[in-house]
Amino acid sequence: MTTTLIDLKTAVRNDGEVRVTLAGELDFHTAQQVEPRLIALAASGHRSLVLDLPGISFCDSAGVDLFLRVHHRCHSTGTRLRLVDVPPLVAKSMRVLGADRVLWLAPS
């Protein structure tokens, strides 16, 4: 059995923004690992949640689905979600799955 690793770093700014940097592979297993933390941040009452993604080397449909679940939690709590520095292959997966119509992919 192989262990897939993902790194999650969080920084809270004074202006009400939380920036989360993710690095590694975002798949079925790692999405389950980071989901509780991302959902908690989405519901924490911050004005904005930024997911900084240049370090994501792989993202399958489970990762895209995670982003959609976080988006829905943010939307329900009035938090703005932005995905920044999305790698081209991850952005392509989001387009293929139609997630780019819901998620806000922004430059850094």
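1. Strand S5 covers residues 105-106, and two bridges join S4 to S5, which run parallel. Two strands count as paired if DSSP finds at least two bridges between them. Helices (H or I, at least four residues) and strands (E, at least two) are DSSP runs, numbered from the N terminus.

2. A word on what you are looking at: this is a predicted model, in which local features need pLDDT of at least 70 and side-chain atom pairs count only at pLDDT 80 or more, while totals for chains, interfaces and linings use all residues. Residues are numbered from 1 along each chain as its sequence is written, and side-chain values use heavy atoms, with hydrogens and water left out.

3. Now look at the other neighbour of S4. Strand S3 (residues 48-59) runs parallel to S4, joined by five bridges, and aspartate 52 stands opposite valine 84 in S4. Between S3 and S4 the chain passes through helix H2 (residues 61-77), in a right-handed β-α-β crossover. Right-handed here means that, with the strands pointing away from the viewer, the path from the first strand over the helix to the second runs clockwise. S4, helix H3 (residues 88-97) and S5 also make a right-handed β-α-β unit.

4. Is S4 (residues 80-84) largely enclosed or open? Four of its five residues are buried, so the rest of the structure largely encloses this strand. Buried means under 20% relative accessible area, exposed over 50%, and partly exposed in between (1.4 Å probe, protein chains only).

5. Strands S1 (residues 6-12) and S2 (residues 17-26) are antiparallel, paired over seven bridges. They form a hairpin with four residues between them, and glycine 16 in the turn has a positive phi of about 90°.

6. There are nine salt bridges in the structure, each a side-chain nitrogen of Lys or Arg within 4 Å of a carboxyl oxygen of Asp or Glu. One of them pairs glutamate 17 with arginine 82, with the closest N and O atoms 3.1 Å apart. Glutamate 17 sits in S2 and arginine 82 in S4, so this pair ties together parts that are 65 residues apart in sequence. Glutamate 17 is buried at 3% relative accessibility, and arginine 82 is buried at 14%.

7. Arginine 69 and glutamate 35 meet in a salt bridge (2.7 Å, N to O); arginine 69 belongs to H2 and glutamate 35 to H1, 34 residues apart.
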